[in-house]
Amino acid sequence: MADSTKNQGMLAYAAPNFLQPHKARQAIRDAHEKKIPPLLFWYAGISSVPLIRFIAPLGFDGVWIDWEHTPCGVETMTEMVQSAIFMSGGRTMPFVRVPGPDHASIGWALDAGASIVVPQVETVEQARHIVSSAKFGVKNSNGSRSAPPFRYFPGLTDQIAYPERTNSFWESLNQQAAIMIQIESKLGVENLDEILTECPEIDIVWLGTLDCRVSMSLPDNRTVGMKGDEKEWVELVDLFERTLKKHDKPRGGFSFMMPPVGTKETFKKAVEEYALLCVSADVTHLGWGMMGDLQNCKGVIAEMEEEKKAAKEKENGKENRNGEAGVVGAH
């Protein structure tokens, strides 16, 4: 599996058909164990099916579809997920950040064919509910997810992805889609050890530094690479990292190489520490890129105006000198 990713990307972890979710749990684990490089994602902060279709063939390992902060209808979310899979030929696997830990949103995202990201996880009770909502109720799963009766056509799209592990289609699906939780508060970090002890089905953890710092009344850190040097912050991040190491859990996060939020060196460090990295975003390229285009154009126009002004002043100076020479000649 790991060797084949060099040419295939996430197609090596694709399910028997594109209606099923990728074998995302295995891909994340392989990246964590350094069998393959970290998974490189782009962040879809704009709910746009045409944009997904345009970017899908570029070759990213995955796309993070933000259903939490860019809300859209279930139909649009589903079409974005399926467009990412089909338009990339299975080489890009979608993750959906659901609006919250509610049973329905988790089920809709998974039914669409995505893995899930659940924000604002703080307690064991929340984590148990998330895992239960994401798993079908097969033996020993404690799952409560409803089996979609018309999602998979018998004999055509219900092939078992892991026949060597199980003869149950629903158990196989349980082993395919990944669960990522976001820890976004001091309380969440403090409870993370218990959360991972009680819910080993969680595949990967993301420290939401912005929300976490906001919850601690610390300054916004979006323009400094999501970091900070305050004593209480450094101690909390250290606790988070030690907890992940204790449970041998993969970590996800942002790592942009564009200043001011990142550099080549910070990216190299992230490659060593993370299993999944969001390395690009539609909103940053559209925002900073278009703003840069506008500033460059305005700069050129300003230069042209200065050149015209200088030329006019030069012309006026020449006319004045000619006029003065005429007056002198008249005398």
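Strand E7 (residues 251-254) pairs with strand E8 (residues 276-281). The two run in the parallel sense, and three bridges join them. At one of these positions, Gly253 stands opposite Leu277 in E8. Keep in mind that this is a predicted model.

E7 has another partner. Strand E6 (residues 204-207) pairs with E7, again in the parallel sense, over two bridges. Look for Trp206: its bridge partner in E7 is Gly252. In a regular strand, side chains alternate between the two faces of the sheet.

Now turn to the helices. Two packed helices are described by the angle between their axes and the distance between those axes. Helix H4 covers residues 74-87, and helix H5 covers residues 103-112. They pack at an angle of about 35 degrees. Their axes lie 9 Å apart. The crossing of H4 past H5 is right-handed.

Which residues in H4 and H5 meet? From H4 come Val74, Met77, Thr78, Val81 and Gln82. From H5 come Trp108, Ala109 and Ala112. By class, this contact of H4 with H5 has six nonpolar residues and two polar ones, with no charged residues.

Next comes empty space. Rolling a probe the size of a water molecule over the atoms shows where such space is left. The second largest pocket has a volume of about 190 Å³. Its lining includes His32, Leu244 and Glu273. Also lining the pocket are Glu241, Lys245, Asp248, Lys249 and Arg251. Helix H10 (residues 231-247) gives the largest share of this lining, three residues. By class, the lining has six charged residues, one polar and one nonpolar.

How values were computed: Residues numbered from 1 in each chain as written. Predicted model: local features only at pLDDT ≥ 70, side-chain atom pairs only at ≥ 80, totals over all residues. Heavy atoms only, no water. Axes fitted to C-alpha atoms, helices over the stretch in contact; angles between N-to-C directions. Helix = DSSP H or I, 4+ residues; strand = E, 2+ residues; numbered from the N terminus. Left-handed = near helix turned anticlockwise from the far one by under 90°. Contact = heavy atoms within 4.5 Å. Nonpolar A, V, L, I, M, F, W, Y, C, P; charged D, E, K, R; others polar. 1 Å grid on protein atoms, 1.4 Å probe; cavity = no way out; pocket = protein on both sides within 12 Å on 5 of 7 lines; lining within 4 Å. Points joined across faces, edges and corners; volume = space filled by probe spheres on them. Pairing = 2+ DSSP bridges.
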